[in-house]
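Got your viewer open and ready? Load the model below and follow along, one selection at a time.

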Amino acid sequence: MQPLPTGAGSAPGRSAPPPAAAEGIDLSRLPTLREIEAMSTDELDELFGLKPKVDIPVGAGRGMGRVGVIDPAEGGLPVFSLAAQPAGLVRAALAGTKGPVISRWGHILLRRALASRLATPAGMDPAEFAALRAGLLGRIGEFAAARALVQDVDTANYTPALTNAAFAAYLGTADILGACPAVRLAKAAREDAEWRMTAAICGAYSGEAGNANRDLRRIMSRGDAARIDALLAQRLAGAAGDGRRAVTIEWDGVTELTPWRFALANAVGAEVPGELLQAAGRYYALAGAVAPMLTPAQRLLFADTAARAGVLSSAALVDLHSELFAEGEDGSGLERARQLRAAYLGNTSAARMAAIKALWGADGAEVARDPYGRWVLTAEAAARLAPSEDFATDAGPLVGSMLAAGYDRDAARWADIVEDGSLAWALIAVSRADAENVGSGAIGDFVDADDSRAQRKSAMLVAGLAALGRTSEGVASDYGEDLGFDLARRSRWTQAISGAAAGRNQVLVVLLAGLGMQGESWEQMTALHLFHIVRALDQVGLGAEARMIAAEAVARA
């Protein structure tokens, strides 16, 4: 017999170590077969060390020094605006803005600041800074901007807070599969049903359709999620690979929408019952208005709200109505599209004016109560009208419509047509770029004719003119006393925004302005807040935005 070479094989009586031990798995702590069968796919991956840690090669990662999607060359605000600012102040401004911004122009400016490519404040973790910004973008309904921001950070650098902000952004855009890197790789102390269902959906699209369906059935059978939620998740997971199977979506017994339900329904093309949409709030209107998977007619339901908020531009509204006109399907949307076409292409100025007015007053009480969304829609059509005495009685909403989309030069052409002390006069006085001093008499004419509640339009006019330096301090003080406000009053917020303006810090001024403009309606805006916001923005070189906010306040107060 051929002898074995020395050192080959194992010594007599000694067996090789089990492969599992060589790989570092503690066999004494392995679960039982029953426990393994009850585990989800993610739990099994975690147990056996199969869960990947990163989704990009080492050395290809992006730095966290500057995070954002709008460079200064593209209109973003200065990169190092917050680098030397106290982390506590920046954190308070971002976290303290809990709700929507009442001003359309304030919303637009805040979105621009939050999406700018910015360096992290000293003493703040870059991931926390990104999470705070993405969270605020989500709270004001800018889900696409929030998603773009979190995508500028590598998943390996996510913290639990940033993971949660990213998950909310992906839900807001109905991009469930886009959330998969965060759900499968990032750190998150979450075990809620929505998170687990998303993990199962992601597993289905990673080639584990059978395991994903089993996980979703287990979640539904245990009652961890509402039936409608689990069915929507099964529909989306079932579209992957060999997991295709019919899932009937039943809305019976569902009394409210949730972000998860709305996102999943949009993602799988399931129509949400009309009664649920009618009872839904601002979140769903802002998400639905820009959801690409919805039809133009469906997005039209949300267009007015999104326009008032600042999520949809005037050009985007015109594009939406153009799609409706091209489709040519009967309904209120087609009629509105025809009216908008007439507002642009009517044979006479009178015909175009009639079409514009029809758009302002169409569709009942909601438009009559707050027509500002329709003003955004008709802004360019209004700007194309030549100034005429024939339209003097409608000059107020005409000028307001132009300024809703920033057509301040076109609005200024009406200065010789409008009557002193009228709404149109007031809007032009605060919006025109070539500053003119406004005397006490002209303001008094406006105050005397002002029939707004508690003469709030007059208060906003005086505050806006004073902030822009277009009336004297004495005149502003006198009218302030008559109208019930004191521009000399100070608070921690006024001191903070005044200090930021003195330091010429655009981003900090915008963040503090957003903090001062949060609310649900213009009833919550005070003349004092408007004064400091407009003055600070003007001082840091954002004069155009300051003038538009002042004009909007007069128009909507």
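This is a predicted model: local features need pLDDT of at least 70, side-chain atom pairs count only at pLDDT 80 or more; totals for chains, interfaces and linings use all residues.

Residues are numbered from 1 along each chain as its sequence is written, and side-chain values use heavy atoms, leaving out hydrogens and water.

Start with salt bridges (a side-chain nitrogen of Lys or Arg within 4 Å of a carboxyl oxygen of Asp or Glu); the whole structure has 23. Select Asp 408 and Arg 547, whose closest N and O atoms are 3.1 Å apart. Asp 408 sits in helix α24 and Arg 547 in helix α32, so this pair ties together parts 139 residues apart in sequence. Helices here are DSSP runs (H or I, at least four residues), numbered from the N terminus. Both Asp 408 and Arg 547 are buried (under 20% relative accessible area with a 1.4 Å probe, protein chains only; exposed is over 50%, partly exposed in between).

Next, pick Arg 453 and Glu 523, a salt bridge with N and O 2.2 Å apart. Arg 453 is exposed at 57%, while Glu 523 is partly exposed at 42%.

Now select residues 456-467, helix α27. How many of the 12 residues in α27 are buried? The count is 12 of 12, including Arg 456 and Lys 457.

Finish on helix α26, residues 440-449, and click Asp 448. Asp 448 is exposed, with a relative accessible area of 67%.

Key:
Helices (H or I, at least four residues) and strands (E, at least two) are DSSP runs, numbered from the N terminus. The expected span of a helix is 1.5 Å times one less than its number of residues.
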